Amino acid sequence: MRVLSGIQPTGQAHIGNYFGAIKSWVAQQELQDSYFTVVDLHAITIEHDPKELYLGTLELFATLLAAGLDQDKCTIFVQSHVAAHANLAWLMECTVSMGELNRMTQFKDKGRGSESVRAGLFTYPALMAADVLLYQADKVPVGDDQKQHLELTRDLAMRFNRLYGEVFTVPEPSIPTIGARIMDLSNPTKKMSKSSSSPAGIIYLLEPADQIKKKISKAVTDTDNCVEYDPQNRSGISNLLEIFGVATGKDPRSIAQSYSSYGALKNDLTEVLVTNLAPIRDRLNNLLDDKAELARLMRMGAEKAEITANETLRRAQDAVGFVPRSQ
Ligand code: ATP
Ligand code: MG
């Protein structure tokens, strides 16, 4: 069973990324042939600062290692280090239709119909399809927000196979059941996102303890002061219970029963998060101090990824009728 997941270096990793994705990746590397990629090509689909992208890519790669991913158990690589991604993305752009891309809700959300929006944001799902299909992944664990893109990836794989012959494995989505969606603390109807304009609602993996305390204490709730898990009607307090639940492995409803005030819940949640995140922060700081080792680990991942990616790309190029360059 082969599994691929990606994360964008669009900003610092937050607890939504960790509890919704990275934590389950760490468990998964023991069980499945796993590929994890820092998708820097995707990060330039929106306005970006080159220096921040550079540092953010190094930091995110190191964060994956600090969280427990291990280059000897899985393959962790930077997307732009493997040229086959951009190459296969072009074949995918020539497989997908404008109508399909127009229906993607993430483009509607982030693009908002503005004229200056980058064309790459519109064609992003074609690149994502290439990312997954290059590795012949059987499963792609995705949060709610990426479900629609994975559905499109499946359609494109089936269409390509039908048009040109069997080249791609059609991947299945695997949605993590707990921690699937952590919401923004200051706007709990919106998901927590790295690229959000306000950091107040985001708890970063590297957030110092006093900041975690401050952000949790300011988290938006309601005025009822009745601790109850009801995501539909009481999104703020339910989000805090949800975070408490994924961090401790307990059911949010049973956590709710042990608290009679928001203040007490917020205090304990702060404590739980500080304890969970401290070891990751320590390992990350050590890794960032040893740039040569970080570079070695990046090269190792790219070399491993390339073996599979280049083979799939060549098969796809042969299938559409491209003449191979002679050796
Ligand atoms: P961006 O705002 O740049 O899209 P992001 O925070 O949404 O950043 P991604 O890089 O898009 O992060 O996603 C990385 C992984 O984290 C994906 O598997 C995604 O489903 C998951 N993820 C992202 N945000 C959340 C969240 N709030 N709750 C749970 N999982 C999340
Ligand atoms: Mg996202």
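Me: Which residue does the UniProt annotation "binding site" cover?
Reply: This is a predicted model, in which local features need pLDDT of at least 70, side-chain atom pairs count only at pLDDT 80 or more, and totals for chains, interfaces and linings use all residues. Residues are numbered from 1 along each chain as its sequence is written, and side-chain values use heavy atoms, with hydrogens and water left out. UniProt positions follow the numbering used here, feature names are shortened, and annotations may be inferred rather than shown by experiment. The record, an unreviewed entry, places "binding site" on Asp131.

Me: Is Asp131 buried or exposed?
Reply: Buried means under 20% relative accessible area, exposed over 50%, and partly exposed in between (1.4 Å probe, protein chains only). Asp131 lies in helix α7; helices (H or I, at least four residues) and strands (E, at least two) are DSSP runs, numbered from the N terminus. With a relative accessible area of 4%, Asp131 is therefore buried.

Me: Which side chain does a polar contact of 2.7 Å join to that of Asp131?
Reply: Contact means heavy atoms within 4.5 Å. Leaving aside neighbours within four places in sequence, Asp131 touches Leu4, Val39, His42, Gln79 and His85 by that rule. A polar contact is a pair of N or O atoms within 3.5 Å; within protein, one must be able to donate a hydrogen and the other to accept it, and residues adjacent in sequence count only if both atoms are side-chain atoms. The polar contact of 2.7 Å joins the side chain of Asp131 to that of His42.

Me: How much space lies in the largest pocket?
Reply: On a 1 Å grid over the protein atoms alone, a cavity is a set of points where a 1.4 Å probe fits but cannot get out, and a pocket is an open set with protein on both sides within 12 Å along at least five of seven lines; lining residues have an atom within 4 Å of a point. Grid points are joined across faces, edges and corners, and a volume is the space filled by probe spheres set on the points. For the largest pocket, this space is about 1,400 Å³.

Me: Which element gives the most to the lining of the largest pocket?
Reply: The lining has 48 residues, with Gln106, Asp145, Gln146, Lys191 and Ser193 nearest the centre of the pocket. At least two residues each come from β1 (2-7), α1 (15-28), α6 (105-111), α7 (119-133), β4 (139-141) and α8 (147-164). The most, six residues, come from α1.

Me: Which helix gives the most to the lining of the second largest pocket?
Reply: About 330 Å³ of space lies in this pocket. Its lining has 17 residues, and Pro9, Thr10, Gly11, Glu52 and Leu53 lie nearest its centre. Six lining residues come from the helix that gives the most, α3.

Me: How many residues does α7 give to the lining of the largest cavity?
Reply: The count comes to one cavity of 30 Å³ or more, and about 50 Å³ of space lies in the largest cavity. Its lining is made up of Met104, Gln106, Phe107, Leu121, Phe122, Tyr124, Pro125 and His149. The elements that give two or more of these are α6 and α7. The element that gives the most is α7, and its share is four residues.

Notes:
Chains lettered and ligands numbered in written order.
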